[in-house]
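Me: I've never looked at this one before. Could you walk me through it in plain words?

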Amino acid sequence: MNISAKSSAAPPQFQLRCSLAYAAPMSLNGILVPYLPVWLHGLNFSAMQIGAILAAQVVFRVFVAMGTGSLSARARDPRHILAWSAATSIVSVLGLLVSGDFWVVLAAVAIQAALFAPYTPIVESISISGVKRWGFHYGKMRVWGSVGFVVTTLVAGSLSTAIGNIAIPLMLVAVLLTSFAVAFIAPRLDQTISRRTVEPSPRILRRPLGASVHLLLIGASLIQSSHGMFYGFSTIQWQGMGFSNAVISALWCIGVIAEIGIFFISGGLARRLTPLGLLRFGCLMAILRWVFFPFGSDVWYYGILQIFHAFSFACVHLGLQYRLSEMVAEDQQASAQGVYVAYNGAFLAISTLLAGVIYRQLEIYGYFVMAILAVIGLVVLALATRSQPQSSGSGG
């Protein structure tokens with residue numbers, strides 16, 4: 001049992017600082033996910049071009065995220081990486097303000113994604129360290145990222161209505177400036193604690209990134225990548241149905257508010273469901289969500305379906321993080337989080353690029369393909385369980 005971590009005092013206001021650190025990148029996603037496709041559509045880019053830009057964004061994030069573990073290990077203070085990540089991202093986003101040319105936009109979006117890639121994995125690794133060392137509640141820290149997403153989504157929708165699409169790059173700059181400031185107040189961990197152990201725990205794998213971990217990460221990533229069409233084209237689809245920016249913002253916020261509810265009750269869920277149980281349940285809800293998505297025609301229908309985001313995203317994310325806290329040693333958490341971002345990004349890039357093609361051919365019925373992708377994710381999770389047969393409840 002690793003008891004040395006428990007004997008050390010947590011950094012002051014650890015949970016509050018982690019909450020603010022989560023809010024920064026998720027606030028950025030509150031602009032990029034719902035409104036970047038709309039902004040690109042406003043530049044008269046085709047569905048293929050939009051899909052290519054969104055896919056490039058994810059691909060470039062993948063390549064940098066894969067090195068997050070080594071970056072974190074070499075840095076005396078990982079917060080310096082957060083600060084540099086945000087500062088350089090600001091410079092790249094400025095390119096969106098000076099040109100609407102396809103190649104300039106493609107380069108600016110891709111470079112920003114690469115530069116900001118280490119931010120979330122490092123915040124995740126700090127938070128998981130808090131869970132492992134001092135028993136902090138992961139969901140109550142992560143929930144503030146979702147709150148940040150809701151706030152910036154609402155503000156972006158209102159500003160876009162008031163001043164037009166220029167609001168999107170302007171808000172990106174503002175949020176990245178905030179992320180730069182937040183980097184300096186993120187918790188700083190004593191890096192020696194994780195190396196001092198009294199006896200190895202049977203709940204920690206000796207080879208933390210073995211086959212079972214990789215299969216787990218791939219399965220979760222496939223489920224999350226089934227959101228590719230939704231992230232890339234739902235706002236455009238809803239605009240085509242005549243929904244206003246305010247209604248579209250509300251629909252996005254319904255999903256994230258439902259997600260917030262799951263994060264708030266995540267402690268109770270973790271006591272009732274194993275991490276693998278959370279993953280499987282979230283996957284099944286994702287399948288149902290995408291199967292029913294093409295049959296809607298009014299706001300209320302999609303409002304109800306948006307509640308499923310609490311399961312298709314939040315349950316999968318929680319299940320994965322709790323499972324990783326069991327399987328992966330603390331000094332390997334940054335590496336595991338970086339690999340997860342890499343897998344998630346790779347599959348989401350493929351899904352998004354595929355969505356651009358599918359949407360042009362099948363339009364809304366392309367969500368059936370996303371349901372199939374979630375089914376494949378469920379199969380890979382089953383393979384992960386077979387390669388590491390012990391249940392999470394028994395210390396597997």
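**A first look around**

Me: Which residues in H7 are buried?

Reply: Quick ground rules: this is a predicted model, where local features need pLDDT of at least 70 and side-chain atom pairs count only at pLDDT 80 or more, while totals for chains, interfaces and linings use all residues. Residues are numbered from 1 along each chain as its sequence is written, and side-chain values use heavy atoms, with hydrogens and water left out. Buried means under 20% relative accessible area, exposed over 50%, and partly exposed in between (1.4 Å probe, protein chains only). The buried ones in H7 are Phe 102, Val 105, Leu 106, Ala 108, Val 109, Ala 110, Gln 112, Ala 113, Ala 114 and Phe 116.

Me: How far apart are the end C-alpha atoms of helix H7?

Reply: Helices here are DSSP runs (H or I, at least four residues; strands are E, at least two), numbered from the N terminus. The expected span is 1.5 Å times one less than the number of residues. Helix H7 has 15 residues, 102-116, so it should span 21 Å, and its end C-alpha atoms agree, sitting apart by 21 Å.

Me: At the start of H7, which residue's side-chain oxygen reaches the backbone nitrogen of Trp 103?

Reply: That's a polar contact: a pair of N or O atoms within 3.5 Å, where within protein one must be able to donate a hydrogen and the other to accept it, and residues adjacent in sequence count only if both atoms are side-chain atoms. Here the oxygen comes to within 3.1 Å of that nitrogen, and it belongs to Asp 101.

Me: Which residues touch the most other members of the largest nonpolar core?

Reply: A nonpolar core is a set of buried Ala, Val, Leu, Ile, Met, Phe, Trp, Tyr and Cys residues joined through side-chain atoms within 4.5 Å. The largest one here has 112 residues, with its largest share, 14 residues, coming from H2. A second, separate core of six residues includes Val 62, Ala 342, Leu 348 and Ala 349. Back in the largest core, the members touching the most others are Leu 40, Tyr 119, Leu 216 and Trp 238.

Me: Leaving aside neighbours within four places in sequence, which residues is Ala 23 in contact with?

Reply: Ala 23 is in helix H2, and its 18% relative accessible area makes it buried. From Ala 23 to Thr 178 is 155 residues in sequence, yet 9.8 Å in space, C-alpha to C-alpha. Contact means heavy atoms within 4.5 Å. Beyond its sequence neighbours within four places, Ala 23 is in contact with Trp 144 and Gly 145.

Me: Which residue's backbone oxygen does the side chain of Thr 152 reach?

Reply: Thr 152 belongs to helix H9 and is buried at 9%. Not counting residues up to four places away, it touches Gly 30, Ile 31, Met 171 and Val 175, among others. Its side chain comes to 2.9 Å from the backbone oxygen of Ser 27.

Me: How many disulfides does a search of the whole structure find?

Reply: A disulfide is a covalent bond between the sulfur atoms of two cysteines. To be counted here, a pair of cysteine sulfur atoms must be within 2.5 Å. Cys 18 is buried at 1%, and Cys 253 is buried at 4%. Across the whole structure, the number of disulfides found is zero.
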